[in-house]
Amino acid sequence: MIEQTWRKSSRSASAAQCVELAVADAVTGVRDTKNRDGGTLIFKARAFRAFLSVVKAG
């Protein structure tokens with residue numbers, strides 16, 4: 001489990017489709033704000049950076 005501070009996405013709507021990120025040196029965790037015990041997606045840092053690049057490129 002990631003022992004970092006979780007931050008809510010600035011792109012999340014006020015009540016729907018909210019996600020939180022916990023960024024560490026080697027991994028990034030992603031979870032649902034409304035269901036924090038529902039599981040966490042864990043990405044290696046390099047893979048998450050690649051994912052963000054694709055999303056930002058459209």
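My entries on the sheet, the helix and the rings follow.

I'm working from a predicted model. I looked up the strand order and got an open sheet of four strands, 1-2-3-4, with antiparallel pairing. Strand 1 (7-8) and strand 4 (41-44) are at the edges with a single partner strand each, so one side of each has no neighbour in the sheet.

Entry two, inside the sheet. I checked strand 2 (residues 19-23) against strand 3 (residues 27-32): they run antiparallel and five bridges join them. E20 stands opposite R31 of strand 3. I then followed R31 and found its charged end over the ring of W6, 3.9 Å from the ring centre.

Entry three, the helix. Helix 1 (residues 45-57) lies across strand 2, strand 3 and strand 4, and I noted an angle of about 95° to strand 4.

Entry four, the rings. How many aromatic pairs does a search of the whole structure find? I got three. For F43 and F51 the centres are 6.4 Å apart and the planes are at 5°, so I logged that pair as stacked. F48 and F51 make a tilted pair, with 6.0 Å centre to centre and 40° between the planes. Both F48 and F51 lie in helix 1, three residues apart, about one turn of the helix. I put F43, F48 and F51 down as one aromatic cluster.

Is F48 buried or exposed? F48 counts as buried, because its relative accessibility is 7% and the cut-off is under 20%. F43 counts as partly exposed at 28%, and F51 is partly exposed too, at 44%.

Methods
Residues are numbered from 1 along each chain as its sequence is written. This is a predicted model: local features need pLDDT of at least 70, side-chain atom pairs count only at pLDDT 80 or more; totals for chains, interfaces and linings use all residues. Side-chain values use heavy atoms; hydrogens and water are left out. Two strands pair if DSSP finds at least two bridges between them. Contact means heavy atoms within 4.5 Å. Axes are lines fitted to C-alpha atoms, for helices over the stretch in contact, and angles run from 0 to 180 degrees between N-to-C directions. Rings of Phe, Tyr and Trp (its six-membered ring) pair if their centres lie within 6.5 Å; planes under 30 degrees apart count as stacked, over 60 as edge-to-face and the rest as tilted. Buried means under 20% relative accessible area, exposed over 50%, partly exposed in between (1.4 Å probe, protein chains only). A charge sits over a ring if NZ of Lys or CZ of Arg is within 6 Å of the ring centre and within 35 degrees of the ring normal.
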